[in-house]
Amino acid sequence: MAFIVRQISRTADGREIVRPVTHQTASIGIGRDAANEIHLPDLAVDLHHARMTVGESGRLTVDAIGGLPFELDGRSTQRAEIDANAGCELRFGGHILKVAKDGNDIIVTIERTGALSDASEEKEEAGLFTLGSILPGRRPMAWGFITAVLALFLAWPIYTYATSKGVETRDASFHADTMWTSGSLSSAHKSLENNCQACHTEKFVTITDSTCMTCHKDVAHEHAAPDRIAGSMEAPGLGGKVEGLFKAAFSVPEGRCVECHTEHEGEGAMTPTAQKFCTDCHSSLNTRLTDTKLKNAGDFGLEHPQFQPAITIGFKGDERLTKRVELTSKLTEDNGLKFPHDIHMSKTNGIARMTQTLKGQQGWGNSLACKDCHTATADGTRFEEVDMEADCAMCHDLAFDNIGGTLRTMRHGDPAQVVADLRGFYRSYTPGKPIQLSGMSRRRPGDYAYMETAQDFARGVNFVPNNAESAIRAVFSKGGACYDCHVVQPGTSNAAPFKIAKVAQPDRYMKLGWFDHNAHLNETCSSCHKAETSKVATDLLLPDLASCQTCHVGESGSSLTKVKTPVNSGCGMCHDYHISEQAPWKTRYEIDRGKGKRSSTGKIAAR
């Protein structure tokens, strides 16, 4: 059995509105308290006036529990037994409750009849709970509030701004125009916190690019030719057209700095530019710029072209010639070296045994590691060029003579000087005559013997000291000190019979992207660079797109494959809109914050 309470109200034109509520219970309360199942908001009704209960015989019993009576079919009573099948009317204050039965359910229909209370007029009763009797009317109050808002939030800020015009730095007291600020400045512009006029130079005039350029003089603002940018943009929809009309009406130009670099978004780093800013053009670029060589690029986890590093293809004088090619697992480049990674990283060959021997002297491990030859830059973003003397000479010593404790070495990187030094060496000593060089050892992989004579040194650099010319040929031939790592080419004169091909050690391969090694300290080198299996120096040991997508997903977390620990990556994480050598904005902020150093021009120091 259930009580179905039907609340009836009427519209201004007399139409009934019925709101039924079902209570699955054998007893319901009636009163002014909202906790009652039948809530009657009338001062003539007690908070808990009565309770209606269904007896075992199916008859209804209504008991007054608050001390005030109620009416049953026109007569006042404190208790009533009702035959629900016959029905009845109960009156509580200004409300009539009609009781009926429908099957096993009790139907109670509530309708208000006239004033809420016989003891007071409706207006007087309503006034007991309002401040209407002591406040002005609604219209004067509305105009008063409008006037107060305009005075406080328009007139006062305008006055404050006008009177502080030309003041470079305000004091720390409250200034009314700060009420217009949508949020705190980012850390990049924290110093301008009390100098609004630095950016907002004119009242009610949008910030112009020339204002930004007052400080950011060294930022390259070219992205592409203006006509190419205009041609790459999708046609605006209805909303874009309406926005364009407003911008034209208020002289707001397109492509302003503040469209990407938004301020007053809160403390900390400036909000990175949303991916949509880039993909609006680049996700379908070839449909509008049909002559473009750029591939479409959308979400990194779903639609991104394979990387295209700029590899070395040769030299023109001292200028390194490059070509952008699609990255594959077999990609090689002509870098002038014949350096094999695999034998240097082996844990069982002669190099590994030599490393174990030197372990006690240098603190090395059981085999060579990447850090033993590759030195990170000060900020950890990239790596310095490998230097022969600093990174290789521990094993590959080029010493060939000792004069009074001072070693003479072949000049690395200067073939002509090597030739001159060897010829000078043979003029000074008679071939075959022992030369005492006690205590000197030449450390080459697998060779730890002490070299006591000139003949020992000759064998160390792979030549027999019969004469200078044969020694020179041996140094620059197979098995010689230069030949094993460098590409040797014929020389142009007797003074320089051999020359060494130029060596390319690029600091960056992705000129249109940015990578920060410092942000990947939790990874090992071999996670991305497969050096252990590389047998030749020409192998390009760069990770491809699929390798990066094992961690990096799209800006909103999208990915074609399941990623265990996804890193949401928008375009701005790796790309910069401005054509320059600078890192993307987010990375530059981290560098400014103390992870690295910046040159006086604002560009990242060369690496």
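Biologist: Which residues are linked with Glu-243 in a network of salt bridges?

Modeller: Keep in mind that this is a predicted model. The structure holds 20 salt bridges. In the network that includes Glu-243, the other members are Lys-247, Glu-254 and Glu-259.

Biologist: Is Glu-267 buried or exposed?

Modeller: Glu-267 forms a salt bridge with Lys-190 through their side chains (3.5 Å, N to O). Glu-267 is in the loop between H5 and H6 and Lys-190 in the loop between helix H2 (138-163) and helix H3 (209-213), so this pair ties together parts that are 77 residues apart in sequence. Lys-190 is partly exposed at 36%. For Glu-267 the relative accessibility is 60%, and over 50% is the cut-off, so Glu-267 counts as exposed.

Biologist: What about Asp-342, which has a salt bridge with Lys-535: is Asp-342 buried or exposed?

Modeller: The two side chains meet at 3.5 Å, N to O. Asp-342 lies in helix H7 (residues 341-345), and Lys-535 in the loop between strand E18 (498-500) and helix H14 (545-548), so parts 193 residues apart in sequence get tied together. Lys-535 is exposed, with a relative accessible area of 60%. Asp-342 has 16%, so it is buried.

Biologist: Which side chain does the side chain of Arg-382 make a polar contact with?

Modeller: Arg-382 is in the loop between helix H9 (359-362) and helix H10 (388-392), and at 6% relative accessibility it counts as buried. Its C-alpha is 6.1 Å from that of His-517, although the two are 135 residues apart in sequence. The polar contact, at 3.2 Å, is with the side chain of Asp-507.

Biologist: And which side chain is the polar partner of the side chain of Gln-275?

Modeller: Gln-275 is found in the loop between helix H5 (238-249) and helix H6 (276-282), and counts as buried at 9% relative accessibility. Leaving out residues up to four places away in sequence, Gln-275 touches several residues, including Phe-300, Glu-555 and Cys-571. The polar contact, at 3.2 Å, is with the side chain of Asp-299.

Biologist: How many charged residues are in the lining of the second largest pocket?

Modeller: That pocket holds about 360 Å³ of space. Its lining has 19 residues, with Ser-329, Lys-530, Leu-540, Leu-541 and Leu-542 nearest the centre. The lining divides into seven nonpolar, eight polar and, for the charged ones, four.

Note on methods
Residues are numbered from 1 along each chain as its sequence is written. This is a predicted model: local features need pLDDT of at least 70, side-chain atom pairs count only at pLDDT 80 or more; totals for chains, interfaces and linings use all residues. Side-chain values use heavy atoms; hydrogens and water are left out. On a 1 Å grid over the protein atoms alone, a cavity is a set of points where a 1.4 Å probe fits but cannot get out, and a pocket is an open set with protein on both sides within 12 Å along at least five of seven lines; lining residues have an atom within 4 Å of a point. Grid points are joined across faces, edges and corners, and a volume is the space filled by probe spheres set on the points. Ala, Val, Leu, Ile, Met, Phe, Trp, Tyr, Cys and Pro count as nonpolar, Asp, Glu, Lys and Arg as charged, and the others, Gly among them, as polar. Helices (H or I, at least four residues) and strands (E, at least two) are DSSP runs, numbered from the N terminus. Buried means under 20% relative accessible area, exposed over 50%, partly exposed in between (1.4 Å probe, protein chains only). A polar contact is a pair of N or O atoms within 3.5 Å; within protein, one must be able to donate a hydrogen and the other to accept it, and residues adjacent in sequence count only if both atoms are side-chain atoms. Contact means heavy atoms within 4.5 Å. A salt bridge is a side-chain nitrogen of Lys or Arg within 4 Å of a carboxyl oxygen of Asp or Glu.
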